[in-house]
Amino acid sequence: MGYIYIIAVPLFISSLITGCLTFDGFAFWILLPAPSVFFGASIGRLCRMLNAPIPAVLSFLILLVCSLGVWMIEFFTLPQVYFFNHVWGAWPGPIYDEALQVSESLLFFRWITILWIILLWILPNWSETTQNKIVTFLALGCLLFSYLNLDEMGIITPRETLKEELSAHYQTTNFDLYFEENNFTDQEMEYWALRHEFHFQQIIDILEIDWPEGRKIESYIYANSWQKKKLVGAKFTSYVPIWLAQDQLHIAKQHLDGVLKHELVHVISKQFGNSLFNGSWSIGMIEGIAEAIAKDASPESTLDQIISAESSYPSPQQMKNALSNSGFYSSASSISYTTAGSFVQFLLNNYPVEYFKKAYPANNFESSYPVSFEELVDGWHQHLNTVEIDSVDKQISEFIFSRRSLFQKHCPHAFTEEQQLWDEYNFHVSNQDTAKALETIEQLYELNPGNKLIKRDWLREQLLHRNYATALYAFDASDTLLSLRILNADALFLHGDISSAQKLLLELKPQIDSSDARNFKYSYELRSDSLNWDAFLTARYKNKIPLANDMVRLNTPVKMMTTAKAIELGITNYYLPTATSFISKEPLNADWFDIYEEMILRLVLNESIGDADLMISSIDKLPLRARYSERLTELKEWRNFVYSRITAN
Ligand SMILES: [Zn+2]
């Protein structure tokens, strides 16, 4: 045991020097290696005491079974992505989640390790004294009790446990959805069930899949990332355990919109994956096909535009690396995702999908395509040369390609008190627990009043809780950020001091006009007179929207913001058709594309097909970015999908 710590001492000192050693980090040093070493020692001792032949080899084999064998069984039967092991300790979940914390589960698991150590230690002479007998039976009893509670204590998460925790069940033709009832309205659930079926149909059409009759996909929808972390070990990462026989998705509610289609491609491509884990040996291929079909690396730029905006394209050799296992993790993941996505999209658009499905399991292009890999990459380059790009694509490309790899970050796993509170704050916000959100942001603000980002959220919480005087009192000369100054004007307005609010806004107008940040583009118009300003703030801070018929008096930006709020609040049945009729009378503007998209999605869901068609045809007439055209095409597919179901019934 000493050896492990001696080897580890330099690491320990370096983390101390760089300031990376947290309390959790320190606890890990105690909880992870020590019990493991004692566990190994007690097995070795048992083998010697029992006079087993070649005890060293035997102990080695037992340890191998305990470390690798037990883990493999868990890995191939359980849907979770965290693991505990007596030999190697713990694997907390995907590295993208970054924060490592000592959990009750880890303590409980180490308690089981200690029970095993006691039992193994005493077993050779368990019957010698009464004391030994008592300890043996106690240890056995405790072990039995502990093993019966593995799922409750978060050591394992079988699918049955997930179905108990996410107890509401919604069935569709191809899916079993599990979710928490009080987390979804009926309408929301219906919407998401339909979106599952919609994307399913899109994907099997593109991939020409003959879906097996009666095969059902289980979709586990978590209330939020924190519940997902607790139950299956992955927090912000949505995932699909393709290696399991049962098809399944694991996504937190707030991520559904962004990742459902991507993750569903993973489920469906199991159909042509390899026989060992239903995937491809190349993670680049697995992610490439998902990106190519979902197309959503960016809401503003197409995959091809992102790659095209780069100064040079990846060479055939680099592509070979990107599509091999080792090449994937060494660079920031977004590089390989997007690059592979653009390449796979080229393959799907220019060659039969059969070729791709044949190449997929073993990354075997040479025997699947009629041309060489170099020629494929060359054809892709030629295609990229024809792609038109603008300054927005360049910015997005730069942003995606400059994202730092996890391995380059300083202290990737440390979690400061501030980050902890920030995490807690976001948890309460996502839970819509406004009282606790306020309480947490108060603590955070007290801890760090100089951080303007914290201050901005603190101010927003004050306005949401109608503590206008408190908010106004907090502004000082150091708040020069435009967003804070606009908040100041809003606070004055909400407090009833309209003339001061308007005076401040006029003062800010030159700064708003000259800003090229997109989120300030309509800041002035939203507040251009007291009628619009009032409607906008009432929607934002009081969650109240104007009567649908009163919308006619509002300007376009406020109309769009209140409509977005109505969708967020789930007030759509009557409101959206009326909003549509007002909005479609004015010239449309691609700046509002996100909100138009939401409107069409919900109009179709509510079977207001005529209104949806009106919006679609008006948007069709606008000059659109290439990516918006892709998104509009998808909206048309959604409209046709839902419409064909309505007419079929
Ligand atoms: Zn993926």
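Into which domains is the chain divided? Here are a few notes on this predicted model, in the order I would read them.

1. The chain is divided into domain 1 (2-155), domain 2 (157-274), domain 3 (280-403), domain 4 (415-521) and domain 5 (543-649).

2. Have a look at domain 2 and domain 4 as a pair. Their centres, taken over C-alpha atoms, are separated by 37 Å. Contact is made between four residues of domain 2 and five residues of domain 4.

3. Most residues other than glycine have a negative phi. E208, although not a glycine, has a positive phi of about 50 degrees; this residue lies in the loop between helix 8 (186-206) and strand 5 (217-222).

4. The second case is E607, again a residue other than glycine, with a positive phi near 65 degrees. You will find E607 in the loop between helix 28 (593-605) and helix 29 (609-620).

Note on methods: Residues are numbered from 1 along each chain as its sequence is written. This is a predicted model: local features need pLDDT of at least 70, side-chain atom pairs count only at pLDDT 80 or more; totals for chains, interfaces and linings use all residues. Side-chain values use heavy atoms; hydrogens and water are left out. Domain bounds come from an automatic or database domain assignment. Contact means heavy atoms within 4.5 Å. Helices (H or I, at least four residues) and strands (E, at least two) are DSSP runs, numbered from the N terminus.
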